[in-house]
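The structure is shown first.

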Amino acid sequence: MSKHIRLEKGKSLLAAGYSLLVASEDKLPCHSWKALMTTPWTVAELEKNIQNPKAFRYGYPTGYNDILVIDIDLKVLPMELRAAFFTEFIAFVRDNVDGFDKKVAVHKTMNFGYHLTYKTRLMMGNEKIAVPVLTGLKSESSGKTQALIESRGTGGYALLYDECTNGLDYTAIQYLSDEEHNTILAICRMYDERVEVQQVEQPKKDKATGVSPWQDYNQRHTVFDVVGDEFKVIRNLASKTVIKRHGATSAHSGYVFKDSGCMYLFSTGTAYPNEKLLSPFSLFAYKYHNGNMSTAAKELYASGYGDRVKLPQPEIATIEKPTIEKLSFPLDIYPTEIQNYLLECNRTLDSSVDYMGAGLLWMLSILVGNSMKIQVKKGWDECCTIWVTVVGKAGVGKSPSINNVIRPLIQANSREIREYQKRFKAWDEYDKLSKKEKEQRPEVQCPIKKQFIVNDVTLEALVELHEENPNAVGVFKDELAGWIKDMNKYRAGSDLEFWLSTFSNQPAALNRKTVKNTYVHSPIIPVLGGIQPAVLNQIFTDEYRDNGFSDRMLLCYPDIQVEMYNENELSEELIDWYHNYIGELHAHIKNNLIVFDEEREIKPHLIPMDKGAKAEWKRINDKITIMQNSDNESEFTKSMLPKQKTYVPRFALLLSVIDAYANGEELTRPIDAATMIKAERLSDYFITMSKKVKVDSMAYSVIREAANVKGAATPKERCKQMWRTDTDLNRTSAAELLAVSRQTIINWIKEFENAA
């Protein structure tokens with residue numbers, strides 16, 4: 001007789017309310033046993049059946065006398081996961097069932113498993129409670145994963161084992177309350193991975209526009225951002241965070257998968273569906289829109305989530321395009337639909353076409369960033385960095401004009417700042433917790449700054465930000481004078497050297513003692529700002545001309561008169577169209593063109609010139625060279641011409657991108673001849689503007705010196721001295737210097753002319 005078959009043991013089990021059977025070594029009953037589910041053996045029948053030569057171990061029909069077994073079969077898991085799983089599981093059960101070890105017998109089975117045996121009035125059948133379809137081992141015969149946890153109840157049977165791990169004999173098991181029984185089942189279901197392959201509910205996507213609003217929302221938020229006020233974390237497991245609804249009486253309400261970030265609820269006492277995978281977006285839809293996914297998606301899209309849909313431009317009144325004059329921005333370098341938007345802003349808001357055209361160029365530089373470079377020739381690749389200075393007196397609308405163009409990017413940048421602030425606050429609160437407190441909270445990672453436009457920032461903060469945003473970081477300052485004056489904040493020349501090297505896309509590193517070492521392999525830092533003419537003369541000193549800094553600045557200095565108020569309105573439809581247009585271009589580059597190498601550096605697409613573009617580029621380059629060698633060009637103009645040989649290819653790259661996007665073509669297409677000619681016209685414009693600034697600057701310097709000649713005490717006497725120096729002096733500049741009205745200057749000059 002087997003050592004596991006002892007008569008006295010059988011008698012004690014019968015007396016304790018078990019119905020017994022005997023099983024062979026292969027775990028199968030040695031006899032018919034269905035009748036034993038309702039009628040147990042007598043002692044005499046027990047004595048007879050244990051004499052069966054195949055009898056090896058006692059068993060018992062489950063379900064009889066309310067006896068239930070939770071069968072945990074660890075052999076379905078890889079060896080390295082078995083011990084950790086059971087340790088975690090049994091600890092969780094003990095934590096949630098008071099007096100567990102005085103009610104439930106825990107026995108070790110023959111083949112890497114455990115039985116939990118207890119009594120319950122909520123009897124159940126034989127169910128597969130948890131199947132580890134993702135982490136479990138596949139059966140060689142079926143190719144499927146077997147159950148990790150099963151119930152043995154009505155209609156089943158279990159074997160009795162000798163090795164008890166908690167010291168409670170089979171004969172001493174107790175009834176669990178209904179709540180305790182359900183708690184054990186809930187904990188078992190936590191390990192059922194079949195739920196993880198369910199589909200997450202989401203709205204239908206009508207158009208293929210890249211990242212949808214719900215995808216974007218899910219990327220930016222966790223379920224705890226949405227429902228963190230309704231649930232608390234009660235345990236962190238290897239693959240899940242176990243959560244419990246506030247006020248719930250059960251052991252837990254569900255869990256959040258760490259890989260997918262989705263929530264799964266068992267509880268029905270919430271506003272959210274149970275037994276479904278719920279993403280952050282799904283929870284948002286149920287919480288605020290009664291589960292209406294489409295309505296929720298529309299709200300998020302309106303708030304800036306998801307790629308912008310490329311919509312057809314709304315119809316607007318026919319706009320008569322102004323004649324392109326020598327000093328006017330060459331508006332027709334841009335696609336027609338962009339021209340129409342800029343002209344409509346000019347018609348309704350009196351925005352300067354020049355300022356808007358220059359601002360758009362800067363914005364394109366940020367969008368393209370490191371994703372693309374133009375290959376001028378083998379060994380000569382140009383990035384897209386540009387520095388733009390819009391020049392104009394206070395009140396002529398520099399900032400409003402620029403904002404009409406760059407607002408979509410400014411708003412996207414603001415959203416990133418708000419998201420970072422919210423995430424940093426959550427991380428900061430988490431980081432201050434004790435180790436024990438952190439175990440009861442979902443892990444919060446330190447967020448990365450995704451801000452890509454700055455206004456007032458230290459150099460080390462700028463480089464650190466660029467490390468986290470490797471495509472580009474733009475600098476936009478309403479008043480550019482502050483940026484230039486702060487160049488040497490730490491030591492003479494240090495900041496200036498940094499900016500000169502980053503303009504050329506040379507690696508940037510800061511090794512100051514007061515900050516951590518920072519490094520950017522391929523800096524793209526476009527600069528845009530406004531400045532007043534008088535201030536520009538003070539800033540662009542001989543030092544800045546000698547080191548080439550001022551020659552890198554593209555000057556936009558149109559002749560502007562302040563217009564009378566008009567009642568024309570820019571339509572909401574056109575505003576929405578433009579925001580979507582720029583937003584979709586931004587998303588397209590970010591999602592489709594930015595690729596990283598093995599060192600996590602952006603690997604730019606090298607954009608070649610086609611045969612026609614190369615011919616035009618040679619002609620343009622030679623034209624600039626002739627100007628450099630000409631005796632008729634001023635030395636001032638000659639100094640900035642070499643930088644135009646850098647700028648023309650950069651212009652060509654940016655103009656090619658915006659044109660390809662407007663025509664639905666690949667943004668990485670080769671540069672063609674027409675685009676190179678547009679780049680030449682843009683360069684000619686900035687050369688002309690630079691000459692205008694130089695002429696005005698020289699004239700201003702002359703009359704300023706004349707105004708300070710000794711003996712000219714009153715403003716009128718100083719004006720007379722200025723007039724003698726230059727009878728064609730600029731009336732406006734003179735009025736500014738003498739702090740009088742322009743009309744006063746005109747009246748004084750008439751007196752001087754009449755007396756001459």
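In this predicted model, ring pairs join F329, Y334, W387, W483, F498, W499, F503, F549, Y647, F651, Y685 and F686 into a cluster. The count of aromatic pairs comes to 37. Two of these pairs are set out below.

| Pair | Centre to centre | Angle between planes | Class |
|---|---|---|---|
| F86 and Y114 | 3.7 Å | 5° | stacked |
| Y217 and F284 | 5.2 Å | 45° | tilted |

The pair of F86 and Y114 links distant parts of the chain: F86 belongs to helix 3 (residues 79-96) and Y114 to strand 5 (residues 113-119), 28 residues apart. F86 counts as buried because its relative accessibility is 10%, under the limit of 20%. Y114 is also buried, at a relative accessible area of 13%.

The charged end of R82 is placed over the ring of F112, 4.6 Å from its centre. R121 lies over the face of Y175, at 4.0 Å from the ring centre.

Turning to the sheet, three strands form an open sheet with mixed pairing, in the order 15-14-23. Strand 15 (380-382) and strand 23 (605-607) are the edge strands, each pairing on one side only. From one strand to the next the twist averages 40°. Strand 14 (residues 372-377) runs antiparallel to strand 15, and three bridges join them. K377 has W380 in strand 15 as its bridge partner.

Technical notes. Residues are numbered from 1 along each chain as its sequence is written. This is a predicted model: local features need pLDDT of at least 70, side-chain atom pairs count only at pLDDT 80 or more; totals for chains, interfaces and linings use all residues. Side-chain values use heavy atoms; hydrogens and water are left out. Two strands pair if DSSP finds at least two bridges between them. Helices (H or I, at least four residues) and strands (E, at least two) are DSSP runs, numbered from the N terminus. Axes are lines fitted to C-alpha atoms, for helices over the stretch in contact, and angles run from 0 to 180 degrees between N-to-C directions. Rings of Phe, Tyr and Trp (its six-membered ring) pair if their centres lie within 6.5 Å; planes under 30 degrees apart count as stacked, over 60 as edge-to-face and the rest as tilted. Buried means under 20% relative accessible area, exposed over 50%, partly exposed in between (1.4 Å probe, protein chains only). A charge sits over a ring if NZ of Lys or CZ of Arg is within 6 Å of the ring centre and within 35 degrees of the ring normal.
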